[in-house]
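Good morning, colleagues. Please look at the model on the screen while I take you through its contacts.

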Amino acid sequence: VQLSSKHLLLLAFLFLSPSLGAEPTTRAVVKVNAYLDNDNNQILTPHTSVQSTVSPSLSLGAHVGVDVVSSASIDVISAATPIGSFIDIRTETGANMAYSFSDWTLNGAGRFSTEDDFRSVSGTLGVSRELAQKNTTAALSYSFTDSDVGRVGDDTFNEDLDSHVVNASLTQVVNQKTLAQIAVYAAVFVGFQSSPYRMVRFNNGAASPEQVPDDRQRYAGVLRVKHALSSSSFLGADYRFYFDTWGLQSHMAEISFSQQPNKSFKWRVRNRIYRQSAADFYAGTYAAPQKFMSSDREHSPFISDTLGGKIAVLAGDFWGFEDVWFDLKADLGWQHFSDFDRQPNRLMWVTEIGMNVGF
Amino acid sequence: MRAFSYSLFILALSGIGLQACQTVRPWQREHLAKPQMTFQEDKDEGILEQHTYEYREGTIGGLGGGGGGCGCN
């Protein structure tokens, strides 16, 4: 994986940026995330980011991440041109900034990602304002993403996908121990949204390429609560309801408990449950061709449960840095697909190690 | 119609909650100032996590996150 000189210069600038302002703070994060499942997918994701407060009103950040994907999943072995397995590398770079004045904060971010058959450029502009003696924060942002979809081994295949996303949120201090947030997400996706490889099957054994609508409007409402049980124990609860114009609906609920028994150790456990309905045009197999057809299990009805734990340890003096945290996370997920007979259950295991340095 | 009913329910619940809010002064924020009381205590973890869910679920949004890609695997 090659990073351009622009990316390296940006990261170097952020590492050096403390010299530009008074009493700056900079945090650098390195993480390695490993995903495995019982459908022969392995994804290794090294990720690093730097966030620096250049001055009391200006902060800058950047990140670089790489997904190294190795797959021999059901989707891959039943693709239009079965190849048995593949290895793909996806690289993402991004930068962000935030400028604060009075009770207002303006922020912007850009992101670029590329892989063998997909290229994506995204930009976000946002504004937030603190109200009611900083007891309320209202935020609004807009993102635009332009994606080019290709197909490995077919240079003539070139499709476009655009997305427009608006996020709005209201965060409220409820009392001295409780914080609540309500958020709304609205998005319009226009363009090629099928998989260039995925096939659907007919009852007579024939197969045909997946075909989904070019237009998709997506909406979500989120309610989040944080509550301090004491000065060292915390509860979190999230709920999201989602629906879109393809007929998909979902409910997601997550509850977490975290504790920091002393200055140098903290831990967290959580459980996330999720349930979705099927897209209007989804079927495991079709009796006859239809305008829209998908046998993608992510468009099928399913439930899932994820149980996870995380610990973080303050390393103390480490290579001359005093503020260094190491963390380790493990999540075990289970999905049950009630209308996908090729693999009704998927087990997923995520492990993540990280280092967070402040200077 | 059901979708809008759920949305209205969330909004109504939030409205009721806001009615019960207190004005908390800066010197009363000992608990609220803890990193664990932010909605994105570990931003990088959140980005990686939402990216995984985007690939593995048919629905997205409202919880931050990032990344693109075809999710063909």
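This is a predicted model: local features need pLDDT of at least 70, side-chain atom pairs count only at pLDDT 80 or more; totals for chains, interfaces and linings use all residues.

Residues are numbered from 1 along each chain as its sequence is written, chains are lettered from A and ligands numbered from 1 in the order in which they are written, and side-chain values use heavy atoms, with hydrogens and water left out.

Let me begin with the interface. Contact, meaning heavy atoms within 4.5 Å, involves 94 residues of chain A and 53 residues of chain B. The two chains bury about 5900 Å² between them, with 57% of it on carbon and sulfur atoms; buried area here is the accessible area (1.4 Å probe) that two parts lose on being put together, summed over both. Between chain B and chain A there are 11 salt bridges, a salt bridge being a side-chain nitrogen of Lys or Arg within 4 Å of a carboxyl oxygen of Asp or Glu. One of them pairs Asp37(A) with Arg56(B), at 3.7 Å from N to O. On the chain B side, helix H1 (2-19) and helix H2 (43-56) each supply at least two residues that touch chain A; helices (H or I, at least four residues) and strands (E, at least two) are DSSP runs, numbered from the N terminus.

I turn to the cores. A nonpolar core is a set of buried Ala, Val, Leu, Ile, Met, Phe, Trp, Tyr and Cys residues joined through side-chain atoms within 4.5 Å. Buried means under 20% relative accessible area, exposed over 50%, and partly exposed in between (1.4 Å probe, protein chains only). The largest core has 23 residues, and Trp246(A) and Phe281(A) are among those with the most contacts inside it. Strands E8 (154-175), E9 (178-191) and E12 (215-228) of chain A each supply at least two of its residues, and E9(A) gives the largest share, 4 residues. A second, separate core of 8 residues includes Leu179(A), Val24(B), Leu32(B) and Phe39(B).

Now two single residues. Ser163(A) sits in strand E8 of chain A and is buried, at 7% relative accessibility. Beyond four places in sequence, its contacts are Ser143(A), Phe144(A), Thr145(A), Val188(A) and Phe189(A). Thr245(A), by contrast, is partly exposed at 43% and belongs to the loop between strand E13 (233-244) and strand E14 (249-262) of chain A. A polar atom of the Thr245(A) side chain lies 2.9 Å from the backbone nitrogen of Gln217(A).

Which residues does Arg270(A) meet in salt bridges? With Glu254(A), the closest N and O atoms are 3.4 Å apart. Glu254(A) lies in strand E14 and Arg270(A) in strand E15 (residues 265-276), so this pair ties together parts 16 residues apart in sequence. With Glu49(B), the N to O distance is 2.4 Å. Glu49(B) belongs to helix H2 of chain B, so that pair joins two chains. Arg270(A) is buried at 9%, as is Glu49(B) at 11%. These three residues belong to a network of salt bridges that also includes Lys31(A), Asp327(A) and Asp42(B).

Finally, Arg346(A) and Glu298(A) form a salt bridge at 2.8 Å, linking parts of the chain 48 residues apart.

Technical notes:
A polar contact is a pair of N or O atoms within 3.5 Å; within protein, one must be able to donate a hydrogen and the other to accept it, and residues adjacent in sequence count only if both atoms are side-chain atoms.
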